[in-house]
Amino acid sequence: MRYGIIGTGAIGGYYGAKLAYAGQEVHFLLHSDYEYVKEHGLQVDSCEGSFHLNNVNAYQHTEEMPPCDVVLVGLKSVNNSKLQTLLPPLLHTNTLVILIQNGIGVEEDVQKMFPEVQLAAGLAFICSAKTEPGIVRHQFYGSINLANYSCRDEALMLAVVDEFRHAGIETGLIEYHEARWKKAVWNMPFNGMTVALHTQTDLLLKNESTRQLIREQMMEVVSAAQHLGVKNLDASFVDKMIESTDAMIPYSPSMRLDYDFHRPMEIYYLYTHPLEIAREAGCRMPKLEMLEAELRFIEANYHVNI
């Protein structure tokens, strides 16, 4: 299949490069490092084995790209309004768009922009960063779960899973709401807490007080998900996430990097929206409500780079 990558950053760059390295036809939309990648290629420094793509199908505008069978969207959700112009050139009748983005509700809002487009969620569990031109640094983990939101062709979903696995990416299919809320169990505590306390994941868990707070925040997400009817999510999953994070290298999640570079933070889909729908279901998340307020304060008091 032909793949298009919108947002060739830490996530889109990694998965797109893995697919291309495995022989898939992949077309990359780049922004600030287009000229560098066009000349020097794309480098992935990976804990599982580094590699280099010499001849990258690189573009500055989606109008120059061919229609694709699968589009991976790695944009930050704060930029989703740009999809109204970025996506159409890549679409044909059966294109599947996979949103590899943080938060709750992104598919619902993108579907409103494109009522006929097939959507799926991509839930990546990966430590990866791109802080310099043309280099993706893959530090730990790397799996991704795909969840069907509005894809009419189950065989297409299965084919994508097969091609991801062939590329060496651990990939599974999971029910949509379960997938999104399971990702929120990790995302909501760690993204915001690393910003609010100006730290990394390892130090949050090494300190007894913040370790307990992280667990309580995770349990708030579990409780909200259960109120919303989400299956297969309980305290044992919280324990698993904490254990997995203990095993990670010291890590700055995407929101911490956005804060460091004074970029807009993904507060709406990571906090505001899930907190709203949880309240509507009769479940408050007071510790995460406080964290959202702190993040709003922090963002309001630095100069945002767009």
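This passage describes the overall build of one protein chain and then several of its residues, as seen in a predicted model.

In the predicted model, the protein chain contains 12 helices and 10 strands. The C-alpha trace of the chain spans about 50 × 40 × 35 Å along its principal axes. When contacts between residues at least 6 apart in sequence are considered, 70% of them join residues that are at least 24 apart.

The surface and the charges of the chain were also computed. The protein chain exposes about 13300 Å², of which 50% is supplied by carbon and sulfur atoms. The chain carries 24 positive and 38 negative side chains, and the centres of these two sets lie 2 Å apart.

The cysteines were examined next. A disulfide is a covalent bond between the sulfur atoms of two cysteines. A search of the whole structure finds zero disulfides. Cys127, accordingly, is in no disulfide, the nearest cysteine sulfur being that of Cys47 at a distance of 8.4 Å. Cys127 has a relative accessible area of 1% and is therefore buried. For Cys151, the closest cysteine sulfur is in Cys68, and because the two sulfur atoms are 16 Å apart, they are too far from each other for a bond. Cys151 also counts as buried, because its relative accessibility is 10%, which is under the cut-off of 20%.

Gly122 and Thr171 are 49 residues apart along the chain, and their C-alpha atoms are separated by 9.8 Å. Leaving aside residues up to four places away in sequence, Glu289 touches Leu275, Arg279 and Arg284.

The backbone angle phi was examined last. Most residues other than glycine have a negative phi. Tyr141, although it is not a glycine, has a positive phi of about 55°. The place of Tyr141 is in strand 9, which covers residues 135-148, and because its relative accessibility is 26%, this tyrosine counts as partly exposed. A positive phi is found as well at His198, a residue other than glycine, where the value is near 50°. His198 lies in the loop that runs between helix 6, residues 176-196, and helix 7, residues 201-206.

Technical notes
Residues numbered from 1 in each chain as written. Predicted model: local features only at pLDDT ≥ 70, side-chain atom pairs only at ≥ 80, totals over all residues. Heavy atoms only, no water. Helix = DSSP H or I, 4+ residues; strand = E, 2+ residues; numbered from the N terminus. Contact = heavy atoms within 4.5 Å. Areas by Shrake-Rupley, 256 points an atom, 1.4 Å probe, with all protein chains shown as cover. Lys, Arg positive; Asp, Glu negative; His and termini not counted. Charge placed at Lys NZ, Arg CZ, Asp CG, Glu CD. Disulfide = S-S within 2.5 Å. Buried < 20%, exposed > 50% of the residue type's maximum accessible area, 1.4 Å probe, protein only.
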